[in-house]
Amino acid sequence: MADLRNNFVGIKSPNPFWLASAPPTDKAYNVERAFKAGWGGVVWKTLGEEGPPVVNVNGPRYGAIWGADRRLLGLNNIELITDRDLYTNLREMKQVKMNWPDRALIASIMVPCEENAWKSILPLVEETGADGIELNFGCPHGMSERGMGAAVGQVPEYIEMVVRWCKQYTRMPVITKLTPNIADIRKPARAAKSGGTDAVSLINTINSITSVNLDTFSPEPSINGKGSHGGYCGPAVKPIALNMVAEIARDPETHGLPISGIGGITTWRDAAEFLVLGAGNVQVCTAAMTYGFKIVQEMISGLSDWMDAKGHRDLDDICGRAVPNVSDWQYLNLNYIAKAKIDQDSCIKCGRCHIACEDTSHQAITQFVDGVRRFEVMEDECVGCNLCVNVCPVQDCITMVGLEPGMLDERTGKTVDPNYANWTTHPNNPMARQAAE
Ligand SMILES: Cc1cc2nc3c(=O)[nH]c(=O)nc-3n(C[C@H](O)[C@H](O)[C@H](O)COP(=O)(O)O)c2cc1C
């Protein structure tokens with residue numbers, strides 16, 4: 001059996017699945033149930049400074065995007081940090097940590113960007129026995145207008161400064177949670193590293209308006225006729241999050257910096273993708289809010305079965321394995337040629353591949369052959385773009401098949417370079433040429 005035990009910056013948990021800071025982690029009742037269901041750790045809903053707690057809207061706080069089957073694809077929220085009293089949260093955290101010593105309990109914190117604010121909250125958190133802290137530099141709404149959350153995460157100098165304070169005033173490991181609402185994610189990650197962070201976590205939510213009511217002209221969720229941008233998360237954001245994780249994992253300046261991967265993780269497969277792209281563990285929010293805490297059981301068994309089937313013994317065997325294969329465009333092998341192939345037995349003759357190719361791509365798929373409705377790829381026109389595969393409603397009906405070295409590419413009339421596999425040293429590769437000069 002694969003060993004799923006996780007050691008993330010010295011914080012141990014029985015598996016790499018943590019609940020991200022959000023409503024599922026905002027009180028002992030939820031967190032206890034989550035631990036019973038099998039979650040390896042939680043990042044408690046973000047704590048604010050001492051004093052009257054923030055006040056949330058009392059109307060709808062979520063908007064959503066659904067697929068055709070009404071499956072939730074993207075979730076938008078305008079919720080703030082915890083609206084419960086700081087000391088109530090701290091008391092419950094301490095009790096939960098005592099009850100569940102083998103699980104990771106991380107305190108997410110957001111206080112004003114002032115040294116004293118951080119200096120005073122850290123000992124209170126430390127006293128709970130929490131395993132670490134996560135600095136919430138990510139929330140894009142409500143708190144950012146007050147100079148916190150994404151307002152800090154968008155200024156690398158502030159990130160570095162606050163991380164430094166935290167490293168100075170606590171012995172707990174510091175995880176810096178980054179906002180994706182920034183042009184180049186490497187810059188805040190580098191700043192966090194310069195400040196001495198133990199790890200980064202990402203992504204927090206993305207600025208978004210999910211819909212507008214066309215009767216009232218109010219963005220949704222609508223609070224008495226007005227809406228505000230919210231933070232977007234769920235399956236729709238996974239590709240953005242994966243890319244940002246990979247960017248940090250392969251940046252020479254942050255190489256080796258532990259990453260907690262977050263964003264749209266719904267299945268074990270999503271989680272595995274984050275791990276192989278450089279995350280040391282993962283955090284989940286929307287999937288738990290959509291399907292409940294027990295979803296972790298499918299994640300644990302799926303990841304474990306896949307690792308067993310592939311002979312991966314533990315998480316170290318898979319973490320970062322895909323990072324060397326993330327390349328800049330200029331390094332891609334331009335001698336590699338693939339063509340689409342349609343399996344006639346599974347084709348339902350809907351014609352979507354034909355119309356997509358005909359109207360918007362390379363006119364490489366027939367509609368009729370000898371007067372009979374039949375969709376076939378014309379290899380002399382196919383550039384291997386893959387659009388037909390993506391629009392086909394039947395899984396695996398259309399596949400991409402790579403031409404073998406020496407085979408004729410009917411489109412160009414040239415044979416496939418017998419040497420194409422040696423692309424790193426191939427004379428057609430501009431980077432190889434540059435290196436040779
Ligand atoms: C309703 C809601 C509230 C959230 N509150 C917080 C928060 O207090 N602190 C925080 O760091 N992130 C917060 N998040 C962001 C999540 O922790 C997570 O980064 C984001 O949802 C992406 O993960 P997901 O796609 O699995 O949901 C919240 C997300 C949602 C949906």
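I took helices (H or I, at least four residues) and strands (E, at least two) as DSSP runs, numbered from the N terminus. The model is predicted, and I kept local features only at pLDDT of at least 70 and side-chain atom pairs only at pLDDT 80 or more, whereas totals for chains, interfaces and linings use all residues. I numbered residues from 1 along each chain as its sequence is written, and side-chain values use heavy atoms, with hydrogens and water left out.

**Entry: positive phi**

I looked up Asp 396 in the loop between helix H13 (387-391) and strand S20 (398-402). Its phi is near 65 degrees, a positive value in a residue other than glycine. I counted a residue as buried under 20% relative accessible area, exposed over 50% and partly exposed in between (1.4 Å probe, protein chains only). Asp 396 is exposed because its relative accessibility is 57%.

I then turned to Asp 370, in the loop between strand S18 (368-369) and strand S19 (372-373). Asp 370 is not a glycine either, yet has a positive phi of about 50 degrees. At 78% relative accessibility, Asp 370 counts as exposed.

**Entry: cis peptide bonds**

I found a cis bond from Glu 220 to Pro 221, with omega near 0 degrees. Pro 221 belongs to the loop between strand S13 (218-220) and strand S14 (230-233). Leu 202 and Ile 203 are also joined by a cis peptide bond, with omega about 15 degrees. I placed Ile 203 in the loop between strand S10 (199-202) and strand S11 (206-208).

**Entry: ligand**

A backbone N or O atom of Ile 203 lies 3.0 Å from an oxygen atom of the ligand. For Cys 285, a backbone N or O atom is likewise 3.0 Å from a ligand oxygen atom. In Lys 45, a side-chain N or O atom is 2.9 Å from an oxygen atom of the ligand. The ligand taken alone exposes 610 Å², of which the protein buries 99%; I used areas from the Shrake-Rupley method with a 1.4 Å probe.

**Entry: Ser 260**

I located Ser 260 in strand S15 (residues 259-262). Ser 260 is buried, because its relative accessible area is 0%.

Key
Polar contact = N/O pair within 3.5 Å; in protein donor to acceptor, adjacent residues only side chain to side chain.
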